[in-house]
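These are my notebook entries on one chain, written while I had the sequence and the coordinates open side by side.

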Amino acid sequence: MLPIAIHSVSKAFVSPTGERRSVLEDISLDVAPGEFVCIVGPSGSGKSTLLNLVAGLDAASSGSIAVGGKVVTRPGPERTFMFQEATLFPWLTVLENVRFPLELLGVPKAEIAERAVDMLRLVHLSRFQTARPHELSGGMRQRVALARALVVRPEVLLMDEPFAALDAQTRESMHIEVQRLWMEFKPTVLFVTHNVREAVELGDRVAIFETLPGKLKDVFTVDLPRPRDPNDRDVNILAGRINRALKDEIEKVMALERDPDKSGSGLPPRRAGGHI
Ligand SMILES: Nc1ncnc2c1ncn2[C@@H]1O[C@H](COP(=O)(O)OP(=O)(O)O)[C@@H](O)[C@H]1O
Ligand SMILES: [Mg+2]
């Protein structure tokens, strides 16, 4: 598997009025081959922006990102992406959705059939091969998205709040799936979430972002055996410590929501309650 090397990465966006706004400042983070690193931080701290940079969907303003020693300049098949909403093709069946990336890669027909069916078995969706996405629950759609992301056997899996829209029970069953599949395939994972307990349950390490602008504030190591139980005492203790580290950041965002003029950052007002 491939390591991810993020070195002194900064990113600024220029608004239509020509204002330059710094979103990420001097981020350095090394992710080892096969390591699972979670990123938590307030909304607007640049988590998605960083993932997009690693995916090669956008370019850093300065600094560098390398995957397997190769500087990222564009998307590549060794990196796959999974978002909050399962971005399945509604007109394709479950099986066709999972076959699709293999067809793009030109994998031989017989192998495509075998790998897609195997992958659906691994996410417990064998019985739904011929269903279309609209016939599935949100959790099932995310399992199809997970199957589609893993069927190409990616070296690097980039996940941007993939389970944020699921109810607590479905999310917990997805955590079990992800832990099982990650232990089997061992891709290098960057996983963004605003759920601290989720981060502690899944990650080898948890990186905390601060905001305005987005910076790496701290990195916690989760030295706990897997599979992990969200109700485990040690998971809770570490989640508590991380929450305390995040508290200042969340208060900063909430103060800004109360009084946006004070920030001087030129940020648009945020959605109420959208601070984590
Ligand atoms: N393409 C873009 N153009 C301009 N501003 C952007 C763009 N993408 C993100 N931003 C801004 O960058 C900041 C960080 O966004 P984002 O990375 O989505 O944060 P997070 O994922 O931590 O919530 C936000 O203020 C957002 O409005
Ligand atoms: Mg985001």
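The entries below follow the order in which I looked things up, and I kept in mind throughout that this is a predicted model.

**Entry 1: salt bridges**

I began with the charged side chains, and the count of salt bridges came to 11. I then went through some of them one by one.

I looked up Glu35 and found that it forms a salt bridge with Arg205, with 2.6 Å between the closest N and O atoms. This pair links distant parts of the chain, since Glu35 sits in the loop between β2 (20–31) and β3 (36–40) whereas Arg205 belongs to strand β9 (residues 205–210), and the two are 170 residues apart. I also checked the accessibility of both partners, and noted that Glu35 and Arg205 are each buried.

Next I turned to Arg121 and Asp118, whose side chains meet in a salt bridge at 3.2 Å from N to O. Both residues lie in helix α3 (residues 109–122), where they are 3 residues apart, or about one turn of the helix. Arg121 has a relative accessible area of 49%, so I recorded it as partly exposed, and Asp118, with 33%, is partly exposed as well.

A further pair that I looked up was Glu251 and Lys247, which form a salt bridge with an N to O distance of 3.6 Å. Because they are 4 residues apart in helix α7 (residues 233–258), about one helical turn separates them. I noted a relative accessibility of 42% for Glu251, which therefore counts as partly exposed, and of 47% for Lys247, which is also partly exposed.

With neighbours within four places in sequence left aside, I found Thr93 in contact with Gln129, Thr130, Ala131 and Arg132.

Going on into α2, I listed Val94, Leu95, Asn97, Val98, Arg99, Pro101 and Leu102 as buried. Among the elements that cover the buried residues of α2 are α3 and α4 (138–150). After α2 comes Gly106, for which I read a positive phi, near 75°.

**Entry 2: helix packing**

For the helix pairs I took down two values each, because two packed helices are described by the angle between their axes and the distance between the axes.

I found α2 and α4 packed at an angle of about 25°, with 8 Å between their axes. Angles under 35 degrees count as roughly parallel, and α2 and α4 are therefore roughly parallel to each other. The crossing in which α2 passes α4 is right-handed. On the α2 side the contact is made by Val94, Asn97, Val98 and Pro101, and on the α4 side by Val144, Ala147 and Arg148. By class, I sorted the residues of this contact of α2 with α4 into 5 nonpolar, 1 polar and 1 charged.

I then looked up α4 and helix α5 (residues 168–185), which pack at an angle of about 15° with their axes 10 Å apart. That angle makes α4 roughly parallel to α5, and the crossing of α4 and α5 is right-handed. The residues making the contact are Gly139, Gln142, Arg143, Leu146 and Leu150 of α4, together with Thr170, Met174, Glu177, Val178 and Leu181 of α5. I noted 5 nonpolar, 3 polar and 2 charged residues in the contact of α4 with α5.

Note on methods:
Residues are numbered from 1 along each chain as its sequence is written. Chains are lettered from A and ligands numbered from 1 in the order in which they are written. This is a predicted model: local features need pLDDT of at least 70, side-chain atom pairs count only at pLDDT 80 or more; totals for chains, interfaces and linings use all residues. Side-chain values use heavy atoms; hydrogens and water are left out. Contact means heavy atoms within 4.5 Å. A salt bridge is a side-chain nitrogen of Lys or Arg within 4 Å of a carboxyl oxygen of Asp or Glu. Buried means under 20% relative accessible area, exposed over 50%, partly exposed in between (1.4 Å probe, protein chains only). Axes are lines fitted to C-alpha atoms, for helices over the stretch in contact, and angles run from 0 to 180 degrees between N-to-C directions. Angles under 35 degrees count as roughly parallel, over 145 as roughly antiparallel, 65 to 115 as roughly perpendicular and the rest as oblique. A crossing is left-handed if the near helix is turned anticlockwise from the far one by less than a right angle, and right-handed if clockwise. Ala, Val, Leu, Ile, Met, Phe, Trp, Tyr, Cys and Pro count as nonpolar, Asp, Glu, Lys and Arg as charged, and the others, Gly among them, as polar.
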